[in-house]
Amino acid sequence: SSPLRTRGGGPSPLGLAMSDGKEPAGSIKHDYEAGAAKVTIRYTAPKAFFEFEGLPMMFMGGYSGWDGVTQELVAPMLPEKEHYVAVIQVPKNATSLDFAVGDGEKIDYNNGDLYKIPFVPSV
């Protein structure tokens, strides 16, 4: 079971604290390049959610509601001005990118739900 799907019951398998859905969510902006099969995500962290500013952020997610995904997709998010940025490859048959962002201590779980970027699958 993915640590991002765990709600409430016990520690995450990655050892990260989960948002209980009461903390404010960060914000995302994205650019999807269908021809290049990639999405660039810009994440702005919520104020005072992450305890230690300056820690590296990680993108943690999966595709299409995680339908058929056995391992999570984890990628570093690099600082860029007030955002953290990740570029994620998108399979042609993906209908969405579902994810959370964490700093190694806490995960921003989007107020109790995953962030979701919908796609129209290419053929």
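This is a dialogue on how to read the features of one predicted model.

Biologist: What should I know about the numbering and the source of the values?

Modeller: Residues are numbered from 1 along each chain as its sequence is written. The model is predicted, so local features need pLDDT of at least 70 and side-chain atom pairs count only at pLDDT 80 or more, while totals for chains, interfaces and linings use all residues; side-chain values use heavy atoms, with hydrogens and water left out.

Biologist: What is pLDDT, and where is it lowest and highest in the chain?

Modeller: pLDDT is the predictor's confidence in each residue, from 0 to 100. The chain averages 77, and 72% of the residues score at least 70. Strands here are DSSP runs of E of at least two residues, numbered from the N terminus. Confidence is lowest in strand β1 (residues 17-18), at a mean of 46, and highest in β3, at 94. Over residues 1-19 the pLDDT stays under 50.

Biologist: How do I read a nonpolar core, and which residues have the most contacts inside the largest one?

Modeller: In soluble globular proteins, nonpolar side chains tend to be buried together. A nonpolar core is a set of buried Ala, Val, Leu, Ile, Met, Phe, Trp, Tyr and Cys residues joined through side-chain atoms within 4.5 Å. Buried means under 20% relative accessible area, exposed over 50%, and partly exposed in between, with a 1.4 Å probe and protein chains only. The largest core has 21 residues, and those with the most contacts inside it are Val39, Ile41, Phe59, Met77, Ile88, Leu97 and Phe99. Strands β3 (38-44), β4 (57-63), β5 (73-80), β6 (83-89), β7 (96-102) and β9 (115-118) each supply at least two residues of this core. A second, separate core of five residues includes Met60, Ala100, Tyr109 and Leu114.

Biologist: How are aromatic pairs described, and how many are there?

Modeller: A pair of aromatic rings is described by the distance of the centres and the angle of the planes. Rings of Phe, Tyr and Trp (its six-membered ring) pair if their centres lie within 6.5 Å; planes under 30 degrees apart count as stacked, over 60 as edge-to-face and the rest as tilted. The whole structure holds five such pairs. For Tyr43 and Tyr115, the centres are 6.2 Å apart and the planes at 80 degrees, so this pair is edge-to-face. Tyr43 lies in strand β3 and Tyr115 in strand β9, so the pair ties together parts that are 72 residues apart in sequence. Both of these tyrosines, Tyr43 and Tyr115, are buried. Phe99 and Tyr115 have ring centres 5.5 Å apart and planes at 25 degrees, so they are stacked. Ring pairs link Tyr43, Phe59, Phe99 and Tyr115 into a cluster.

Biologist: Which residues form salt bridges with arginine 42?

Modeller: A salt bridge is a side-chain nitrogen of Lys or Arg within 4 Å of a carboxyl oxygen of Asp or Glu. By this rule there are three. One joins the side chains of Asp31 and Arg42, at 2.9 Å from N to O. Glu80 also bridges to Arg42, with the closest N and O atoms 3.4 Å apart. Glu80 is in strand β5 and Arg42 in strand β3, 38 residues apart. At 23% relative accessibility, Arg42 counts as partly exposed.

Biologist: What about lysine 116 and aspartate 98?

Modeller: Their side chains meet in a salt bridge at 3.1 Å, N to O. Lys116 is in strand β9 and Asp98 in strand β7, 18 residues apart. Lys116 is exposed, with a relative accessible area of 51%, whereas Asp98 is buried at 4%.

Methods
Helix = DSSP H or I, 4+ residues; strand = E, 2+ residues; numbered from the N terminus. Contact = heavy atoms within 4.5 Å.
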